[in-house]
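Take a look at the model first, and then we can walk through the linings together.

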Amino acid sequence: MHRSRTSLHGLIVVAVASVAVHSQTRIQSSTAIYEGARLILGDDRAPVENGAFVVQNGRIAAIGRKGAVSVPSGASHVDLTGKTVMPALINAHGHFGYERFTKAEGEALPENFTAGNLLDHMQREAFYGVGTANDGGSAAVAIALQFQQDQAARNFPPAAQFYFNAGIVPPNGGPDQILIKGTRPLHANYEVLRAPEGRAAVQDVVAKNIKQVKIWLGDRNGSYPAMPWQVFDAIIDEAHKNGVKVHAHATTIRDQKDALRAGADVLVHMVQNTKLDDELLALVKEKKPYWATVIALGDRSDVCESDPFFTQTLSAKIIADIQANACRPNQNAAAREELLKANFMAMINAGARLVLGADTGIRPGNAFGSGDHHEIAHWVQMGLSPAQAIVAATSRPAEALGLKDVGTLDEGKYADFIALNANPLDDIKNTRQIASVYLHGAKLDRDALLANWRK
Ligand SMILES: [Zn+2]
């Protein structure tokens with residue numbers, strides 16, 4: 001604590017001195033106007049054709065039609081004519097810090113969970129235009145909190161902003177069979193047996209100023225200890241009394257009903273093997289939960305098809321390994337897709353508030369950043385409009401995560417944005433036509449990141 005305060009003080013002294021000597025150049029370099037692009041704002045508003053926006057000190061200072069936005073004197077001009085600009089994506093559900101990109105099937109080793117590996121994963125997200133990424137309950141709390149402090153103090157190079165839900169589980173329950181090999185030895189989760197312990201875990205989360213928790217419902221077909229309803233009821237009640245939101249893993253109709261009745265704020269997963277019933281849809285209509293679909297988990301089709309957008313950040317070894325071991329044809333693919341589509345649109349039509357999350361970080365074929373683009377395109381394939389998909393990948397996850405500085409292109413927000421070579425409102429796969437990514441107003445050096453991963 002004392003050390004970081006001292007170094008921060010040192011930084012301020014240096015900055016003040018250099019402003020005094022080079023004030024003119026510093027102001028020029030910190031203010032820029034981006035002109036000529038179509039601006040997709042991230043919420044329900046219509047896009048702005050031929051737009052302009054001013055970025056000052058990492059935030060958007062003004063935005064509108066080109067010509068209607070006044071140019072501060074000394075601002076540098078960036079011509080984005082022909083491009084489409086949208087807010088950086090916000091990933092509400094991944095698992096960061098464990099994966100090592102070494103095998104086709106994931107392996108989560110506790111020793112992988114370091115600040116360096118977390119940073120690598122946040123850089124992978126950023127490379128693909130994700131500006132904010134939230135871990136769904138698998139992060140080791142002490143390391144994650146320190147990482148957030150260091151990121152806020154700008155001790156790391158540019159990367160997606162890291163957030164996490166504290167995970168609360170029954171003993172030996174919670175994360176899936178891959179992740180739990182990392183989380184359990186680290187005691188990453190609060191392990192609670194009874195309701196009072198659940199409440200105590202929430203109190204500890206509150207004391208640490210963590211705003212969101214994750215719980216797991218169900219027993220994974222009898223292979224896991226399930227959290228008793230008295231425990232998840234108590235956790236959700238205690239969380240809501242303290243302004244903490246609860247994300248709930250629930251993969252079956254029964255578990256999703258339980259989660260909604262108990263008042264979970266964010267449903268994680270979709271029911272994939274049974275047609276939804278009217279009772280669940282009535283609950284969705286009543287509760288209007290946020291909903292992270294995480295359909296992409298286990299889907300390696302992009303890597304199997306050697307799609308360069310997906311393979312570019314993976315080593316040749318891991319691509320070959322996935323293609324040799326994880327690309328079996330699925331006889332039931334068409335029937336499964338029909339059911340997914342029916343369930344997905346039924347949830348949307350009932351009022352589920354869709355948010356981006358692809359469960360990346362468990363299997364290398366569903367990789368950080370690229371997996372998020374796969375999820376977005378899959379929604380549109382199932383019936384969502386591209387405009388709705390973009391809202392669900394930007395402003396709505398910001399709202400679900402309680403983040404006021406990101407999610408739309410608006411005055412006062414961080415200048416976290418993607419410049420695209422083609423319009424994703426015409427074809428959602430154009431979110432993959434990334435010309436550049438800016439985080440807090442700084443252009444990300446994507447080539448340098450890529451060169452490092454390909455080594
Ligand atoms: Zn997950």
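Val169, Asn172, Gly173, Ile180, Thr183, Arg184, Asn189 and Glu191 line the second largest cavity (a cavity is a set of points on a 1 Å grid over the protein atoms alone where a 1.4 Å probe fits but cannot get out, and lining residues have an atom within 4 Å of a point). This is a predicted model, where local features need pLDDT of at least 70, side-chain atom pairs count only at pLDDT 80 or more, and totals for chains, interfaces and linings use all residues. Residues are numbered from 1 along each chain as its sequence is written, and side-chain values use heavy atoms, with hydrogens and water left out.

**Second largest cavity**
- Its volume, the space filled by probe spheres set on the points, is about 50 Å³.
- Helix 4, residues 180–186, gives the most to this lining, with three residues (helices are DSSP runs of H or I, at least four residues, numbered from the N terminus).
- By class, this lining has two nonpolar, four polar and two charged residues (Asp, Glu, Lys and Arg count as charged; Ala, Val, Leu, Ile, Met, Phe, Trp, Tyr, Cys and Pro as nonpolar; the others, Gly among them, as polar).

**Largest cavity**
- The search of the whole structure finds three cavities of 30 Å³ or more, and the largest has a volume of about 60 Å³.
- Its lining includes Ile60, Pro87, Thr132, Tyr414 and Asp416, and divides into seven nonpolar, three polar and one charged.

**Zinc site**
- His93 (NE2), His95 (NE2) and Asp359 (OD) are the protein donors of the zinc ion, lying 2.1 Å from it (donors are N, O and S atoms within 2.8 Å of the metal, or 3.2 Å for Na, K and Ca).
- Along the chain, these donors follow the spacing H-x1-H-x263-D.
- Both His93 and His95 are buried (under 20% relative accessible area, with a 1.4 Å probe and protein chains only).

Definitions and conventions. 1 Å grid on protein atoms, 1.4 Å probe; cavity = no way out; pocket = protein on both sides within 12 Å on 5 of 7 lines; lining within 4 Å. Helix = DSSP H or I, 4+ residues; strand = E, 2+ residues; numbered from the N terminus. Buried < 20%, exposed > 50% of the residue type's maximum accessible area, 1.4 Å probe, protein only.
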